Amino acid sequence: MRIAMLGFGSVGRGIAEAVSNKDLGLTITSLADSRSAVIDANGIDIRDVLQRKKETGLCGDPAITADDVIGSGVYDVLVEVTPTNADSGEPALGYITRALASGKHVVTSNKGPIALRYDALMQQAASSNVQLRYEATVCGAIPLIQALEMGLAGNTITGLHGVFNGTCNYILTRMTDEGLSYSQALLEARELGYAEADPTYDVKGIDAAIKLVILANSIWGLNVSLKDVDITGIDSLTTDALALAEELDCTIRLIGEIIPEKRVLKVSPRILSKDHPLVVRDTLNAVTVETDMAGEVTLIGRGAGSRETASAIISDILFIRDCYVERT
Amino acid sequence: MKLEMKDMPGQLIAALKPISDVGGNIMAIIHQRDPAAAPGDTVDVQIMLELPETKLESLVGTLKTQGVNVVRIGEERLLIRRSVILIGHIMHTDLTDTVDRIDSSGLAEVAELGMVMPAINEPSSAKITLKSASLGEMGRAIDLLRNVATEKDLLVIEPLEGYP
């Protein structure tokens, strides 16, 4: 199956490497980064492109754009992995819209467009008779959307709660283990590349809240936006507070929670027993889904990273191939 | 309450059924059977339960008709405990008032308070344990504490589970 990919940062490179190194039956026929693009209907030589990107910072010809890639038509699935803009969703939103309009399946890791325009995009995909999949937008490598849609099909999902941000989880783990202050732990997270230079989105709980918006709209059709989430971050947590939790044989984690029946849509630091399944270490993510038949189901895994996000993207691509492309 | 009943099959059920019939909520049962007891001896059973006070009399009456003797009825206890952590200027926003507002609400009592004050002008952290008679009242007490904290610009960290 043929793939066009927009975005060639760490996630894009992770996908390209997996396509190149594993026998997945996938061919990348076009590829764009922010300043250049390459199109080859017979398949791009990925090693060649990776090398060029490393040497010149460009994946292809500066005269070719992402829009040319979308319009090229030489692909079955558009993989959209450009950087997220949580305010406007652009330029990803435009890319996804155009690909869907031209009757192409889309797989994205981009939280902005899915959080902002879930309903409209899904309607557009349905009217073009194509798939839009977004597993990589929530909890990285954890197959959460797949589990909710397929694995738990037939269940009524009554709520969910979990650890949705690896950066915060790392900071809290280090504050607990080593008694580091919040700012020391944040500095360490930055040095290890777990936190952005501007960590606001992570530590203030906004990243976790965006993921809740995606889940609230996709699982329950709640039609909510970021302003509907009650958000408290971890940036005012003290080492003393973690030590006090320890006295109760507990710890503190940043928990995202959705309980539609009680109108709960909330990100906040919470006290959890140390042996609670959501008390995961370092940058891990964990989600407990509450259902009527299966009871509680907890998924734990890596929430970020190049290969991990590539895993979620590739599973979406293969799902589309197996269920929609090869059948038709 | 502590009950005395004949050590015979079916007796425990005879004691428990009336409790649920009057809308009581059984929280714990301690039933220690003496291995040396002969059939027909009596056995003591302790039951911890939640029950509207108005139903107590009719429950005791029903139990007696079932051949179950009520040895002792314990006083009402605040059985539900929840701990929350507060962060902020806890002392300087009148800690006494914070505690009073919970205690005077009639919903819960502050049972324990532990506090760490790192330095002047730096936020302190406190662990507050509330006790209450029911989950519903505990929930309302924590709602109240949350409102007081918002007013005083304190961060409340609540437990994830066990609080409806």
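This is a predicted model: local features need pLDDT of at least 70, side-chain atom pairs count only at pLDDT 80 or more; totals for chains, interfaces and linings use all residues.

Reader: How many residues are in contact between them?
Author: On the domain 1 side of chain A there are 11 residues, and they are in contact with 12 residues of domain 2 of chain A. Helix α5 (residues 111-127) of chain A gives the most to the domain 1 side, with five residues.

Reader: What kinds of residues make up that domain 1 side?
Author: The side of domain 1 of chain A that touches domain 2 has six nonpolar, two polar and three charged residues.

Reader: Switching topic: how many residues of chain A are in contact with chain B?
Author: 17 residues of chain A are, and they meet 14 residues of chain B.

Reader: Which elements of chain A supply at least two residues there?
Author: α11 (239-247), β9 (250-259) and β10 (264-273) of chain A each do. The element that gives the most to this side of chain A is α11(A), with five residues.

Reader: And how does that side divide into nonpolar, polar and charged?
Author: The side of chain A that touches chain B has 10 nonpolar, four polar and three charged residues.

Reader: You mentioned β10(A). In which sense does it pair with strand β8 of chain B, parallel or antiparallel?
Author: β10(A) and strand β8 (residues 155-159) of chain B pair in the parallel sense, over two bridges.

Reader: Which residue does Arg270(A) stand opposite?
Author: Arg270(A) stands opposite Glu158(B), which is in β8(B).

Reader: New topic, helices in chain B. At what angle do α1 and α2 of chain B cross?
Author: Helix α1 (residues 11-21) and helix α2 (residues 56-65) of chain B cross at roughly 155 degrees, and their axes come within 9 Å. α1(B) and α2(B) are therefore roughly antiparallel to each other.

Reader: Is the crossing of α1(B) and α2(B) left-handed or right-handed?
Author: α1(B) passes α2(B) in a right-handed crossing.

Reader: Last one: which residues make the contact?
Author: From α1(B) they are Ala15(B), Pro18(B) and Ile19(B), and from α2(B) they are Leu59(B), Thr62(B) and Leu63(B). The residues of this contact of α1(B) with α2(B) come out as five nonpolar, one polar and no charged.

Notes: Residues are numbered from 1 along each chain as its sequence is written. Chains are lettered from A and ligands numbered from 1 in the order in which they are written. Two residues are in contact if their C-beta atoms, placed from the backbone, lie within 7 Å. Helices (H or I, at least four residues) and strands (E, at least two) are DSSP runs, numbered from the N terminus. Ala, Val, Leu, Ile, Met, Phe, Trp, Tyr, Cys and Pro count as nonpolar, Asp, Glu, Lys and Arg as charged, and the others, Gly among them, as polar. Two strands pair if DSSP finds at least two bridges between them. Axes are lines fitted to C-alpha atoms, for helices over the stretch in contact, and angles run from 0 to 180 degrees between N-to-C directions. Angles under 35 degrees count as roughly parallel, over 145 as roughly antiparallel, 65 to 115 as roughly perpendicular and the rest as oblique. A crossing is left-handed if the near helix is turned anticlockwise from the far one by less than a right angle, and right-handed if clockwise.
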